[in-house]
Amino acid sequence: MRADGVRSISGLRDAAAPFVVPRPSGVAVRDRLKGLTANDAEVLRLIGSHMGRLASRDLKARCADGSKHSGEKWAARKRAVTVLSSSRWAGTVTKASHDQWGLARRCQATYIQGLEAGVGMLRHRLSLPLGQRGSKRTPGGYRSRREWHAKSRRLALLEARHEAAVADWRTGRVRVTRGGRRLLNSRHRLADVQLTETQWRERWEAQRWFLQADGESGKRYGNETIRVTPEGEVSIKLPAPLVGLANAPHGRYVLAARVRYAHRGTEWADRVEANRATAYRIHLDVTRGRWYLTASWQLTPTPAVPLEAALAHGVIGVDTNTDHLAAWRLDVHGNPIGNPRHFLYDLSGGARHRDAQIRHALTQLLNWAKTCRVAAIAVEDLDFHAEKTREKHGRRKRFRQLISGLPTGRLRARLASMADATNVTVIAVDPSYTSRWGAQHWQKPLTSKTRKTTRHDAAAVAIGRRAQGHPIRRRATPPHDDRSDRRGHRTAQAPPDALGREEPRPRFPGPRTRCAPPGRGENAGDQRAPHRSGYAAEHGTWRQDPLPLSS
């Protein structure tokens with residue numbers, strides 16, 4: 001949910017215009033290194049361990065430079081790493097350190113913004129009297145003196161954290177853990193994570209290895225450090241201290257395994273044969289005992305599909321929930337077609353399981369879109385970063401768990417990548433009031449004896465209509481009695497700039513029903529009251545006679 005923006009006179013947020021989600025900027029494919037010998041695995045371990053130590057030293061130096069980093073210092077760090085590896089290994093290591101520092105810097109800014117939001121909310125609620133009720137936008141005061149005292153102590157804690165974070169930001173200091181802070185903290189609670197010290201040590205060392213190389217356009221097969229031929233042969237340029245382990249000319253080591261990318265394999269082979277830049281990363285899955293090789297490259301930026309062209313064959317509105325995607329197909333006029341579809345997923349397992357569940361649900365959604373010959377999918381532009389704070393929703397734990405369980409970021413990235421491969425356009429819409437208005441205007445009309453429409457299905461219809469530019473509601477509220485047409489229906493489908501939208505209804509020859517004579521209601525489009533002085537009525541002008549002075 002986006003932050004509050006411009007509001008209308010009624011106090012509601014003005015919905016932003018829908019937009020086409022840009023296509024992903026890069027591609028990454030992975031394949032398992034099958035058939036590795038014991039000597040191959042040992043060489044990979046030695047290379048990863050050696051380059052991991054160099055990467056740790058370089059990252060420490062980069063973090064020490066902070067905001068005072070310069071090109072001269074970068075060149076000095078690269079020369080220091082080159083002596084113990086090679087110039088290309090050094091270039092990849094120093095670039096990875098710089099990118100890691102930049103990522104930590106952005107996370108630090110986000111952390112400071114979260115602290116500022118929490119401090120502001122606590123100060124606001126502490127300034128209110130006890131028990132004062134809040135509004136829909138801001139919460140009220142605390143319920144008891146005990147809660148007020150606890151929140152005042154938390155305010156002091158957040159202010160201290162904010163002061164320390166701002167001091168680090170000004171000096172350019174960041175805190176980075178190679179291997180992951182979560183894995184580092186699990187060392188102190190091995191029983192809780194069900195690991196032995198040996199198992200934890202294996203995972204920790206594997207996470208700190210460095211076995212990746214950036215691509216170079218014009219070089220043989222797009223990469224000189226980790227080279228993969230179109231036939232799948234993998235060879236690695238050994239660092240200077242490990243040249244004695246080479247089994248090929250020019251200090252290279254050729255693995256016995258062969259790779260074959262099933263996904264985007266043709267595209268990868270075309271890049272390799274054309275000597276276009278392709279980056280590679282080798283990593284070990286300690287749990288399964290498998291080695292993997294990931295290839296990645298950048299995509300050429302292309303102009304986005306116009307919104308009108310994407311909506312030429314209708315749209316599929318999708319409502320994201322904690323356990324399923326609710327989707328409904330709409331025609332070009334915004335009318336629901338057929339029955340809603342639900343694509344289920346389970347996010348209770350580990351990271352791999354959750355990722356696989358999301359991929360499976362999105363695959364089903366895209367296959368359905370291809371079957372319906374619809375080239376556009378409308379989703380909400382969700383962002384719950386500002387809504388997860390415990391200071392704003394401290395007692396509403398179920399609501400915080402609900403919004404925290406929505407896979408907004410992962411689903412958005414996956415959908416953009418998979419939709420680009422299937423030539424389906426993703427349209428993002430403003431999420432304001434889609435669930436509320438969808439249930440209000442569409443849930444009951446779409447419910448029948450054979451179909452039970454849920455609130456999420458109605459929200460999918462609202463999302464699709466907003467992507468098409470139609471209002472969410474089906475019709476405008478009929479006028480009251482004795483105003484016009486005796487509660488006649490008024491369509492709200494025409495846009496405000498449509499010509500003739502206020503003109504009388506067209507007259508059709510002959511009666512439309514047995515009780516309606518020809519010409520009945522020809523002036524129904526006249527919004528002026530027909531029984532007021534000075535306005536033309538249907539059968540002429542009527543004027544009120546003056547009241548007599550005497551009876």
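Is the crossing of α1 and α3 left-handed or right-handed?

A: The crossing of α1 and α3 is right-handed; a crossing gets that name if the near helix is turned clockwise from the far one by less than a right angle, and is left-handed if anticlockwise. The model is a predicted one, in which local features need pLDDT of at least 70 and side-chain atom pairs count only at pLDDT 80 or more, while totals for chains, interfaces and linings use all residues. Numbering runs from 1 along each chain as its sequence is written, and side-chain values use heavy atoms, with hydrogens and water left out.

Of its 551 residues, 38% count as buried (under 20% relative accessible area with a 1.4 Å probe and protein chains only; over 50% is exposed, and in between is partly exposed). Among contacts (heavy atoms within 4.5 Å) with a separation of 6 or more, 64% join residues 24 or more positions apart.

Now the helix pair itself. α1 covers residues 38-65 and α3 covers residues 87-127; the two pack at an angle of about 50°, and their axes are 9 Å apart. This makes α1 oblique to α3, since angles under 35 degrees count as roughly parallel, over 145 as roughly antiparallel, 65 to 115 as roughly perpendicular and the rest as oblique. The axes are lines fitted to C-alpha atoms, for helices over the stretch in contact, and angles run from 0 to 180 degrees between N-to-C directions.

On the α1 side the contact is made by Ile47, Met51, Leu54, Ala55, Asp58, Leu59, Arg62 and Cys63, and on the α3 side by Trp89, Val93, Thr94, Ser97, His98, Gln100 and Trp101. Sorted by class, the contact of α1 with α3 holds 9 nonpolar, 4 polar and 2 charged residues. Here Ala, Val, Leu, Ile, Met, Phe, Trp, Tyr, Cys and Pro are nonpolar, Asp, Glu, Lys and Arg are charged, and the others, Gly among them, are polar.

With α2 (residues 71-83), α3 packs at an angle of about 135°, the axes being 8 Å apart. That makes α2 oblique to α3, and this crossing is right-handed. From α2, Trp74, Arg77, Lys78, Val81 and Thr82 meet Ser87, Ala90, Gly91, Val93, Thr94, Lys95, Ser97 and His98 of α3. The classes in the contact of α2 with α3 are 4 nonpolar, 6 polar and 3 charged.

Helix α4 runs over residues 145-171, has 27 residues and spans 40 Å from first to last C-alpha, close to the expected 39 Å; the expected span is 1.5 Å times one less than the number of residues. Just past α4, glycine 172 has a positive phi of about 80°.

Most residues other than glycine have a negative phi. Tyrosine 433, in the loop between β13 (425-429) and α12, has a positive phi near 65° and counts as buried at 12% relative accessibility. Glutamine 194, in the loop between α5 (181-185) and α6 (197-208), has a positive phi of about 60° but is exposed at 71% relative accessibility.

Technical notes:
Helix = DSSP H or I, 4+ residues; strand = E, 2+ residues; numbered from the N terminus.
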